[in-house]
Amino acid sequence: MKRILPEFEFSEEQLNNVRRLARECNLCEETVKILYGRGIRDKNSIDIFMHPSKAHFVSPFKMSGMQEAVSLITRARAEEWSVVVFGDYDADGICASTIMGNALKDFGIEPVVVVPERTNGYGLSTKLIDEIFDEHFPQLFITVDCGISCAEEVEYIKEMGSEVIVTDHHELPDKTPDCICINPKFNDGYPYDNLCGAGVAFKVGCALNGESAYKYLDFAAIATVADSVPLTGENRDIVHEGLKIIRENPAKSYQQFLNKTDVITAQTLAFTLAPKINAAGRMGDAKAALELFNVKDENKIFDLSAKLTAYNIERQKCCDELYLSAKEMIKQKGCCGKIILLCNENWNTGFVGIVAARLAEEYACPAILFVKNGNTLKGSARSIENVNIFEALKACEEYLTEFGGHSQAAGVNVTADNFESLSRALEEYMTERYTDEDFIPTVYVNGKLAGDYSQKLVKEMELLEPFGVGNRRPMFYTEETELSVRPLKPLSPHLSIRNSKLELMYFGGAKYAKLLESAAPKKLIYEYNVSTFHGKEYIKGFVRDVIYGDDAKNYADEDIAFSLIDTLACADTGCKITPITKEEVENLMLNKAGNTVFLSWDNSVIDSYTNAANLGSDLFFPSAKNFKTTVLVAPLHDVDLSGYKRFIVLDNPKCAARLSSLSGAHIEAVENAPSSRAIKTLDCGREALLSTFAQISANIGNLDGACAEEVAKRNNLGNRLQVFFALKVFEQLSIVTFKSGRAEVVRGVKSKLENSPLYNRVMEIKAE
């Protein structure tokens, strides 16, 4: 089950400081809380953060090696040396190569810019060096976004007769290259160490050409966002200024990728521009992206833009296929424990990192996906916030042939013979080092919508842009019970939610409509947004998640009964049902038997199991996707339970046999379990149903709702559960239909109540 936590908690002394700073800076306290919690704790720092600007740029000459690099490049220009710039195949490497190449041209040098393909591997290799020297024989070799871990390869370049300058931003190894090295990670006079590779190249450009290098801030901004470095400090200034260029005077090379009607933000760079640049490298054609950023011919720009767009579409298709393949493997394996390790010889090494990140987020645990090639498995690891995957791999390095990376992402190679040993060792490490708490999906919030929101606060939220790594978009929450929701238009997957304080929009929220409309206490996590219509600004909350209370067993009986009736109306899926004793169930609950889901449609039944308190409980569908043992209250008829291996019904099993995802499954049902109380309250008499039918017929033109449940809940027709039951029976008898989002009575149809499967099943349960 997901949990909601405050991003920061403050002592009374800290709250006093927040209030003081809010007065001094003329900002809302909520805004200052966010800044204070993120380490921005004095008026000057707040002013700088709230107003990012190129005026805050740090002198490039504070970075060690910069003066020496400029001197060597100046000598290369004077002596007309041949110069090679060597980059990387991802968005950061492509942008860094573009910036460095153009900065050298502005300085009076015509360099050759080279980027490898993914098949060549990351960084320098003697094979690539030989190829470059065979064709270009450089006298000066400059790396961007790579090289700091290539001490041996740099020596090889020097032996070939070339001077070397390494510009990089990655973590420093124990042994750095014996040449001029520029890297913000060095302990020098440079105050900011989180620049990306293109950011470092940009600083070299500034050192060579002064402020004229600012014209490349758009490429530096794209790379900064694409490489997921923190959007704090100088990175924040770079992205802010780069976005100005992209909004006001975008380069033709990436203009085709922008939607002119959209507001361009850091998210635009992350989800629109960066994927297309990265797609070229992932599809084995990084040179196409480099060429696009440097060509001037508009016809070529159009053709290359179309090529990168096509690459991205193909990349998305391949990633989706790989993701579905990985998901199926996870479902077959069942409980994924505290780390996911999967291997397939048909996967593409260019996509496993993307999918690993997606799985890590979805299952709330680290994921490593390997591609098998002979006896070698080449993998890509991604982690969650609380787990350092680099340290985990280091603890198990006896099983590895090679690994490297950082706390949240790593590359790792292992032999096929050691794969299972590595899997066991990592699982043991995770179990010993981390608690179950570390693997609970967590949503961090910055405040609660307790009173009226203010226009001032919402405007200040906009000033916190750009958002991204290290500066997450502030989220707020509101506590709700039963809500009125509407699709934005008929059959739309997007919802409008009525709230007394704020208009809320939930894009893609239709699948949660039943939960939102239920009486279950819930928290809606949302962000503030400002939209303009006919020149007037409107403040809206965009819902990003829904988290319901800690104990689904306490939810309203009516919500549970609605789900029960809805499920009883479905066809039997042919499940095999075998008995199990209550004592056996109590033991399973006590031991939290893995891959087990306990199903129930009656709170009183759950309460009769003492050990049920040891387990989490979910309403309608599992809230977490890692197959942890749970009590599932009132599962929807189309709930996805694939991945669970054991299904135990705590009350009448007739409903479980109609859950679509359990078709043909083996279900265990508790012997002599009581039947649902709610079902027994239904009046199945002919007179009662005729009375309900007459009431529906009389109001048919005014009924609000596109389905039986909506009509029962939204209209004042008496006992809502009785109305819903009657409507479902009438729908099965084709007396009532729902067309074009409205209920209709079909005149002239005659049928017996016994022709309704739902009616018969309810009658059977009532007779027990």
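1. Ground rules. The model is predicted, with local features needing pLDDT of at least 70 and side-chain atom pairs counting only at pLDDT 80 or more, while totals for chains, interfaces and linings use all residues. Numbering starts from 1 along each chain as its sequence is written, and side-chain values use heavy atoms, leaving out hydrogens and water.

2. H1 against H2. Helix H1 (residues 12-25) packs on helix H2 (residues 29-37) at about 120°, with the axes 9 Å apart. Helices (H or I, at least four residues) and strands (E, at least two) are DSSP runs, numbered from the N terminus. Axes are lines fitted to C-alpha atoms, for helices over the stretch in contact, and angles run from 0 to 180 degrees between N-to-C directions. H1 and H2 are therefore oblique to each other (under 35 degrees is roughly parallel, over 145 roughly antiparallel, 65 to 115 roughly perpendicular, the rest oblique).

3. Who touches whom. On the H1 side, Gln14, Leu15, Asn17, Val18, Arg19, Leu21 and Ala22 meet Glu29, Val32, Lys33 and Tyr36 of H2, contact meaning heavy atoms within 4.5 Å. The residues of this contact split into six nonpolar, two polar and three charged (nonpolar: Ala, Val, Leu, Ile, Met, Phe, Trp, Tyr, Cys and Pro; charged: Asp, Glu, Lys and Arg; polar: the others, Gly among them).

4. Aromatic pairs. The structure has 19 of them (rings of Phe, Tyr and Trp, the last by its six-membered ring, with centres within 6.5 Å; planes under 30 degrees apart are stacked, over 60 edge-to-face, the rest tilted). Phe202 and Tyr214 have ring centres 6.0 Å apart and planes at 40°, so this pair is tilted. Phe202 sits in helix H8 (residues 197-209) and Tyr214 in the loop between H8 and helix H9 (217-226). Ring pairs also join Phe57, Phe202 and Tyr214 into a cluster.

5. A second pair. For Phe476 and Tyr528 the centres are 5.1 Å apart and the planes at 50°, so that pair is tilted. It links strand E14 (residues 476-480) with strand E18 (residues 522-533), the two residues being 52 apart in the chain. Phe476 counts as buried at 2% relative accessibility, and Tyr528 counts as buried at 9% (buried is under 20% relative accessible area, exposed over 50%, partly exposed in between; 1.4 Å probe, protein chains only).

6. Backbone spots to look at. Glu465 and Pro466 are joined by a cis peptide bond, omega about 0°. Glu80, not a glycine, has a positive phi of about 55° and counts as exposed at 69% relative accessibility.
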